[in-house]
Amino acid sequence: MRRALLLILLGLGACVRLDFGRKVGDDELRLRREVEGYYVDVAAAFAAGSPDALTRLFDPSITKPMNEEKIHAWAREFFGKHGPARFKIEKLEFDRLGYESAVVTMTYRVETKDGKGSFGGVERDELARKRGRWLMTAWEKVSDVP
């Protein structure tokens, strides 16, 4: 009986293939950490309640969905009403990753101390490396998160 069970399990094992994804090389891991570091800077800007620090994380030539001036005005108004906030990424997926550009889809939350300005969502971000640092060049909302 044991032998028959063992043969069945071995037979099933031969049919099952476990695949934990493609092999990720050192260069890709380094690039992923760099892009993740960009979002650490976003979190620091929110934690400091600094419109200037937040605006510096966007490419000055950004136009989609807002230009740099509108981003700064939004940040000034947001931090003026709610103060510093907590920016938290719940999920980060790399859609495209290269040495000079990246596209990521992320699920995130921004939590304010008063709770009135809190928001979250899923958005697709386009980033580019310029002058040795990652900057946001465009983003689009995919969906809201309650």
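**Sheet and core**

Helix 4 lies across strand 1, strand 2, strand 3 and strand 4, at about 25 degrees to strand 2. This is a predicted model: local features need pLDDT of at least 70, side-chain atom pairs count only at pLDDT 80 or more, and totals for chains, interfaces and linings use all residues. Residues are numbered from 1 along each chain as its sequence is written, and side-chain values use heavy atoms, with hydrogens and water left out.

Me: What makes strand 3 and strand 4 a pair?
Reply: Pairing requires at least two bridges found by DSSP. Strand 3 (residues 119–130) and strand 4 are joined by 10 bridges and run antiparallel. They therefore count as a pair. E123 has K141 in strand 4 as its bridge partner.

Me: Why are strand 1 and strand 4 at the edges?
Reply: The open sheet has four strands in the order 1-2-3-4, with antiparallel pairing. Strand 1 and strand 4 each have a single partner strand, so one side of each lacks a neighbour in the sheet. The twist averages 30 degrees from one strand to the next.

Me: What makes the set around Y39, F46 and L54 a nonpolar core?
Reply: A nonpolar core joins buried Ala, Val, Leu, Ile, Met, Phe, Trp, Tyr and Cys residues through side-chain atoms within 4.5 Å. Buried means under 20% relative accessible area (1.4 Å probe, protein chains only). The largest such core has 28 residues, and Y39, F46 and L54 have the most contacts inside it. Helix 2 gives the most, with seven residues.

Me: Which residues does L54 touch?
Reply: Contact means heavy atoms within 4.5 Å. Leaving out residues up to four places away in sequence, L54 touches V42, A45, F46, W74, A75 and F79.

Definitions and conventions. Buried means under 20% relative accessible area, exposed over 50%, partly exposed in between (1.4 Å probe, protein chains only). Helices (H or I, at least four residues) and strands (E, at least two) are DSSP runs, numbered from the N terminus. Axes are lines fitted to C-alpha atoms, for helices over the stretch in contact, and angles run from 0 to 180 degrees between N-to-C directions.
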